[in-house]
Amino acid sequence: MQKIYIADDEANIRVAIKAFLENAGYAVRDFENGDALYAAFVDSPSDLVVLDVMMPGSNGFAVCKKLRKISPVPIILLTARDSDLDYATGLDMGGDDYLVKPFSPMALVMRVKAIFRRMELDRKIYSEQDLLTGLFDRVSGENRIESKLGEGSALFMLSVDNSTDKALLDIAKAVPQIFGKGCIACRYGRNEFLVLVDSISSDEAAAKKAEEILAVGKAGDTSIRIGVASWPEDGSTYEELLGAATQALTS
C-alpha cells in the first residue's frame with residue numbers, strides 16, 4: 001500500500017484530506033507542521049508528500065527544499081495564495097504539483113492518482129530499457145519484434161567491432177533517425193543491436209538503410225557488420241528471421 005504524509009496546520013483540512021485518501025486505498029499519516037513531517041520522513045520515507053505552504057515553524061517551501069535534497073519523493077504543495085510567484089517558487093523548490101485553497105479533497109485524490117500513474121509508467125519504461133543506449137533491452141525488444149512481424153518486415157542485426165560505449169551510444173541515437181521512429185530497436189548483446197522495420201519496400205531500400213548506418217560507424221572510427229532478413233522470404237517466425245540475419249552477418 002502506498003504511503004502518503006500530509007502536513008497542514010489546519011486540523012479540519014488534514015482530517016478531510018486523510019479521509020479521502022484513505023478511502024482511495026492509501027496509508028496516510030498527518031502532521032500539524034512541516035518539521036514533524038520531515039523528521040518522520042527521515043526515519044521512514046513515504047511515497048508522496050502533501051505540504052501546506054503557510055505553517056508554523058518551517059514553511060512548506062522550506063520543507064520541500066529540504067526533502068528534495070534527500071529524496072525524489074513527489075510533493076504536492078497547498079496554499080491559499082494564488083499567484084504566479086508562489087506557483088513558480090513552489091516548482092523551483094522542487095514541488096511536483098500545486099493546489100490553491102479552497103479545493104475539493106477529491107481533486108487532490110485525482111492528482112495523487114495521476115502522479116502515481118506517471119511514476120508506474122516511468123518505472124515500466126525504465127525497466128524495459130538498456131541502461132547505456134536507452135533502447136529496449138533484449139527481452140523487451142524480442143517480445144515486441146515477435147509481435148510486429150508481418151508483410152514488409154525486415155530484421156537488421158548490427159554488430160559493432162572494437163566498440164566503445166560512446167560508439168554504441170552514437171549508433172543507438174542514429175537508429176531511429178535512419179530506420180524511422182516506428183522501428184523497434186533493442187540492444188541484443190554487448191556489441192549487437194536488432195532493428196525491425198515494418199515498411200521496407202524492396203531489397204534496394206534495405207541496402208540503402210544499411211549503407212546509412214555503416215556511415216555512422218565510419219564517422220565514429222568503428223566498423224559495423226550488418227545482416228538483414230526479410231519476412232516471409234527468409235523466415236515466417238522471429239527465430240527463423242534471427243537465424244537468417246545472423247547467418248547473413250557472418251557470411
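These are my notebook entries on a few places in this predicted model.

**Ground rules.** I number residues from 1 along each chain as its sequence is written, and side-chain values use heavy atoms, with hydrogens and water left out. The model is predicted, so local features need pLDDT of at least 70 and side-chain atom pairs count only at pLDDT 80 or more, while totals for chains, interfaces and linings use all residues.

**Entry: strand β8.** I began with β8, residues 192-197. Strands here are DSSP runs of E, at least two residues; helices are runs of H or I, at least four residues; both are numbered from the N terminus. How many residues of β8 are buried? I found 5 of the 6, so β8 is largely enclosed by the rest of the structure. Buried means under 20% relative accessible area, exposed over 50%, and partly exposed in between, with a 1.4 Å probe and protein chains only.

Next I looked up the partners of β8. Strands pair if DSSP finds at least two bridges between them. β6, residues 154-161, pairs with β8 in the antiparallel sense over 6 bridges. There L155 stands opposite L196. β7 and β8 also pair antiparallel, over 4 bridges. In that pairing R187 stands opposite F193. A hairpin through 4 residues joins β7 to β8.

**Entry: N191.** I then went to the loop between β7 (184-187) and β8, where N191 sits. I set aside neighbours within four places in sequence and checked contacts, meaning heavy atoms within 4.5 Å. N191 touches L158, S159, V160, S163 and L168. L158 is 33 residues away from N191 in sequence, yet their C-alpha atoms are 8.1 Å apart.

**Entry: cysteines.** I searched for disulfides, pairs of cysteine sulfur atoms within 2.5 Å. The structure holds 0. C183 is in none, and the nearest cysteine sulfur, that of C186, is 11 Å away. C183 is buried, because its relative accessible area is 15%. C64 is buried too, at 0%.

**Entry: a surface patch.** Last, I looked at M110, in helix α5 (residues 105-127). M110 counts as partly exposed because its relative accessibility is 39%. F20, M106 and M110 form a nonpolar surface patch with about 250 Å² of accessible area together. Accessible areas come from the Shrake-Rupley method with a 1.4 Å probe; for residues, only the protein chains shown count as cover. Patch residues have over 30% relative accessible area and no salt bridge; like charges are joined within 9 Å, nonpolar side chains (Val, Leu, Ile, Met, Phe, Trp, Tyr) within 5 Å. A salt bridge is a side-chain nitrogen of Lys or Arg within 4 Å of a carboxyl oxygen of Asp or Glu.
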